[in-house]
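User: I'm new to reading protein structures, and I'd like to walk through one with you. Could we look at how its helices and strands meet?

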Amino acid sequence: MNEYLLYLLDRNYSPATVRAYGYDLLAFCRWLLDQDLDLASVITNDLLDYLRVCREATVPGRVGTNVVTMTGQRVDRYAATTINRRLAAISGLYSFTGLRDPNAINPVPRGREARWLVAGERSGMLAHTRRRRQPRSALRLREARTLPVALSAPDAAALVASLRTWRDRAIAGLMLWCGLRSCEVLGLNVTDVDIGGRWITVTGKGAKQRRVPLDPDVGAVIDVYLLAERPESDSDRLFLVAKGATRGQGLTPAGLRTIFRYHREISGVTGGHPHALRHTFGTVLAEAGVDLAVMQALLGHAHVDTTARYVHLAPVHVKGEFDAARARLRNQAR
């Protein structure tokens, strides 16, 4: 299993994904020990039993069984996305075993192709985004498709107004007005930001690089941060810890979560999570009628389907398209 996790790192999987897969495989190994099984003797029926165990297991520390979500699901159970990630880790492990030993039996059943083509891909308008469909295992649960959660304009303004340091304002600005992920913000080096040329070189998931336009107001905030607030350090990271024992070191994800947790409390914006700022950026682009391909490039999505969710989230844009279509139908009827 350690070799499999190292193989994932070699394939440029993010450290967070590899860490999650490690815990998923650890849970699977514990279940194998309880069942007196080893990896080589597992069959498809065993995996179905493990799927049932995951569905019926309770999450330690969660509230009692009488609390349910708005959709009727118990909150003390594992989400379908968590269970599917566990199954994906197991499937990948057996695929890796097959690479090393072609005669090894893979107990993970093969299912239908992973996805259908969207309308734009079928018609050819989005042919440049088309990718080959891969078979997906039948050993998985159906996941609910949820829309990205964006902040309203007053909530976004209140959250940003609560920030007091130039560093925190620059971080929020890069998410809210440039659409960067929190991990992308923390991974920025000083040399990645071209304030004069108004460009940012962003390294996203899978070490994929893209260039994003830099909002001039955010660029001005970064400039002030570099001149007046950034501590002296040998680190190339743009955003550093400002005080304490780790002063001058790169800001960590835990430190960023602490910052936003504090400002959610003082601003009263309960939904003011870092990723909500990025969702707000995508929603604003959709409401402005920006082309999906451009949005996909700015947000760094692997596929246009993910970007299209922001269009459905933007009610102004959807209503405008609906009114325009209705007007065309009325003109044709006349």
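User: Is the crossing where H1 passes H2 left-handed or right-handed?

Analyst: Quick background: this is a predicted model, where local features need pLDDT of at least 70, side-chain atom pairs count only at pLDDT 80 or more, and totals for chains, interfaces and linings use all residues. Residues are numbered from 1 along each chain as its sequence is written, and side-chain values use heavy atoms, with hydrogens and water left out. Helices (H or I, at least four residues) and strands (E, at least two) are DSSP runs, numbered from the N terminus. For handedness, a crossing is left-handed if the near helix is turned anticlockwise from the far one by less than a right angle, and right-handed if clockwise. Here, H1 passes H2 in a right-handed crossing.

User: At roughly what angle do the axes of H1 and H2 cross?

Analyst: Axes are lines fitted to C-alpha atoms, for helices over the stretch in contact, and angles run from 0 to 180 degrees between N-to-C directions. Angles under 35 degrees count as roughly parallel, over 145 as roughly antiparallel, 65 to 115 as roughly perpendicular and the rest as oblique. The axes of H1 (residues 2-10) and H2 (residues 15-34) cross at roughly 160 degrees and come within 10 Å, so H1 is roughly antiparallel to H2.

User: Which residues make that contact of H1 and H2?

Analyst: Contact means heavy atoms within 4.5 Å. H1 brings Tyr 4, Leu 5, Leu 8 and Leu 9, while H2 brings Val 18, Tyr 21, Gly 22 and Leu 25. To sort them, Ala, Val, Leu, Ile, Met, Phe, Trp, Tyr, Cys and Pro count as nonpolar, Asp, Glu, Lys and Arg as charged, and the others, Gly among them, as polar.

User: How do the axes of H7 and H10 cross?

Analyst: H7 and helix H10 (residues 253-267) have axes that come within 12 Å and cross at roughly 95 degrees, so these two are roughly perpendicular to each other. On the H7 side you'll find Arg 167, Asp 168, Ile 171 and Met 175, facing Leu 256, Ile 259, Phe 260 and His 263 of H10. This contact splits into five nonpolar, one polar and two charged residues.

User: In what order do the three strands of the open sheet lie?

Analyst: Strands of a sheet pair through backbone hydrogen bonds, either parallel or antiparallel. Two strands pair if DSSP finds at least two bridges between them. In this model the order is E3-E4-E5, with antiparallel pairing. E3 (193-194) and E5 (209-213) stand at the edges with a single partner strand each, so one side of each has no neighbour in the sheet. E4 (residues 199-203) pairs with E5 over five bridges, and Thr 201 has Arg 211 in E5 as its bridge partner.
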